[in-house]
Amino acid sequence: MGPAQTKDEKVVDQENSTGAVAIARARTDAGTDILSEAIGSVRIGRARACRVRGSGSWGMRFPAFAGSGFHILLRGSAWLITANGRPRALKAGDVVLTPFGAERGLSHAPCLLQDLRPVVSHDPGPADVDILCGAYWLDHGQVHPFLRALPEVIAVSADCGPTSQLRSLANLLAVDVSDTQPGSRATRAALLDLLLTHVLRQWLEQNRDGDGQEIGDPAIAVALREIHTSPHKPWTVQQLGETVGMSRTAFTKRFTALVGKPPMTYLTNWRLSYGARLLRETKAPLAAIARQVGYSTEFAFGAAFRREYGIAPGRFRDRSQRDEPVAVNA
């Protein structure tokens, strides 16, 4: 019998178990891409990026936030500090991902998270360590369940996997952060999408559970694909069940067990998340967006949107299209 687990080792085991669940939900035999859906859901947030530097005895704490973000160590070395796990050594090229915005810290040496001060500014001059920070901040709504099922903080080593793409993307984003030319807002969001996707892919690849079972239910995968590609259709549970050759009761039970929420709840969440993305990314009239995501009238869409996000669609669009200052604790 091996030695008893420490508290930190138990936390790691719990995180790996949680990650395995997320991995299973990320794949289906019919090709439903939950990872793309998750990245798309955070895209309704504000894309923010900045660089922070430190020298000598430095340390910084990043408070919890609603959204997903990352830190890339461009130069120097550091220690990743979390609330529960052991400090982890980082080197240039390593990436730290916070799938749902958990509190974390970076420091020149191992320490306790509560001993670090929040980041309030960044020094543009030369420094021992240079860190690139990026995040999607969600002013409204919640982080996708897939992202919330992952560990609070994920670290991807520069020595593992195809990191050349990550390095190239990091270099592009580092340049983009200092770029004030027209279009930088659009390029920043695109680079954030790519970085988040590549980091998650690499972590999932490194943490596959060979003994775990994937969700391989073609019927539910087809139902999800129908919802994703045709949210405008007036779906009912009965119609979705018939589409995949199942009774209403059997379909509801299986869908809820595999996806984590009932079919109509999932459908509503997807419609409103897609609607929020259209509001942010297009200039289509509200009535057109309402029809595109399955609401018969602009009023019905607006009422559902306010219940979900606490703000009217028009105000959400106005706020999302304003230029806002970069947040240092991205």
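View 1. The model is predicted: local features need pLDDT of at least 70, side-chain atom pairs count only at pLDDT 80 or more, and totals for chains, interfaces and linings use all residues. Residues are numbered from 1 along each chain as its sequence is written, and side-chain values use heavy atoms, leaving out hydrogens and water. Helices (H or I, at least four residues) and strands (E, at least two) are DSSP runs, numbered from the N terminus. Of the 330 residues in the chain, 48% are buried (under 20% relative accessible area, with a 1.4 Å probe and protein chains only). The chain exposes about 16100 Å², and carbon and sulfur atoms supply 52% of that area (Shrake-Rupley method, 1.4 Å probe). Take the contacts (heavy atoms within 4.5 Å) with a separation of 6 or more: 79% of them join residues 24 or more positions apart.

**View 2. Four strands make an open sheet.** Their order is β2-β7-β4-β5, with antiparallel pairing (two strands pair if DSSP finds at least two bridges between them). Strands β2 (59-62) and β5 (88-91) are the edges, and each pairs on one side only. On average, neighbouring strands are turned by 25° against each other, direction ignored (axes are lines fitted to C-alpha atoms; angles run from 0 to 180 degrees between N-to-C directions). Strands of a sheet pair through backbone hydrogen bonds.

**View 3. Strand β2 meets strand β7.** The two run antiparallel, and 4 bridges join them. Strand β7 covers residues 104-107. Opposite G59 stands S107 of β7.

**View 4. The largest nonpolar core has 50 residues.** Such a core is a set of buried Ala, Val, Leu, Ile, Met, Phe, Trp, Tyr and Cys residues joined through side-chain atoms within 4.5 Å. F70, F146, L147, L173, F301 and F305 touch the most other members. Helix α5 (residues 184-206) gives the largest share, 8 residues. Leaving aside neighbours within four places in sequence, F301 contacts L272, G275, L279, I289, A290, V293, Y295 and P313. A second, separate core has 17 residues, including C50, L106, V119 and V129.

**View 5. Helix α6 spans residues 218-229.** Its 12 residues should span 16 Å at 1.5 Å a residue, because the expected span is 1.5 Å times one less than the number of residues. The end C-alpha atoms are 16 Å apart, which agrees. The buried residues of α6 are A219, I220, A221, A223, L224, I227 and H228. Their cover includes α2 (34-42), α7 (237-243), α8 (248-259) and α9 (263-281).
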